Amino acid sequence: MERLIADLPVVTGPDWNGVSYFCTTRAGGVGVAPHDTLNLGLRAEDNPEAVAENRRRVRAAVPADPLWLRQVHGSEVVDADAIDVPAEPAVDASVTAQPGRVLAIMVADCLPVLITDTEGKVLGAAHAGWRGLAGGVLEHTLDAMRAKAPQAAGWRAWVGPGIGPQHFEVGQDVLDAFTADDPATARFFAPRDGAAGKWLADLAGLADFRLRRAGVQEVSLSGECTVTRKDRYFSYRRDGVTGRMAMLAWLHPV
């Protein structure tokens, strides 16, 4: 669903106990084309001053400075509560059990995935493109969360806006990466008409499958396609040079 938070148009999912979260859209910032307007990516070939102002606006909507990541399409996870966590760790997921600690994931076709326990005691945020998904970024995030909250009774996840299954063309290597792990994932790939060795992949469906297989009982999908909604989202696959949205999430004080 779309709503306004601190004058920013954002997309959110279900209301969950103890957790606040949202994903920004491309609206509400100061950038100019092709980064119009709320680009939050420092490495997206945008004016650094515009990015700084956009990040300032996002900071006003959350309770503390976000932990921004230098995302590398991998599967490593950082503990955001560690005393020695670097300013911008080169990983693709973070976890926290500290109320008010803001996690951030940047996207422009890849999936932002939020994971929390049913009591809102621990939180994880992951950047899930196909490489991260195939490499186990969601499972690694859950493992880190279970280590921080071993008494958690159940798990839920929200899969935010990302490239839709009608637009995510991949090669045989991507199909092989998933089916080698579990042949059941073949159902998330459809042959591309007239293109031998090319497939249309359902990235959100793959995330849903792996989350449930890992023990997440409740998975909510945004159903939003970043490629289709040019008015609302940045899309690297559609535009090449473009901005980045961000999912931000934090736990409420006890």
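Val159 stands opposite Leu221 in strand 13, a strand being a DSSP run of E with at least two residues, numbered from the N terminus. The structure is a predicted model, in which local features need pLDDT of at least 70, side-chain atom pairs count only at pLDDT 80 or more, and totals for chains, interfaces and linings use all residues. Residues are numbered from 1 along each chain as its sequence is written, and side-chain values use heavy atoms, with hydrogens and water left out.

Strand 9 (residues 155-159) and strand 13 run parallel and are joined by 4 bridges; two strands pair if DSSP finds at least two bridges between them. Both belong to an open sheet of 6 strands with mixed pairing, in the order 4-5-8-7-9-13. Strand 4 (77-79) and strand 13 (218-221) stand at the edges with a single partner strand each, so one side of each is left without a neighbour in the sheet.

Next comes helix 5 (residues 203-213), where Ala207 lies; helices are DSSP runs of H or I with at least four residues. Ala207 counts as buried because its relative accessibility is 0%, buried meaning under 20% relative accessible area with a 1.4 Å probe, protein chains only. Beyond its neighbours within four places in sequence, Ala207 is in contact with Leu111, Leu133, Leu138 and Val159, contact meaning heavy atoms within 4.5 Å.

Turning to helix 1, its buried residues are Ala50, Val51, Asn54, Arg55 and Val58. They fall within an arc of 135° seen down the helix axis, so they line one face of the helix; the arc is that of the directions from the axis to the C-beta atoms. Their cover includes strand 2 (8-11), strand 3 (19-24), strand 6 (103-107) and strand 14 (245-251).

How values were computed: Buried means under 20% relative accessible area, exposed over 50%, partly exposed in between (1.4 Å probe, protein chains only).
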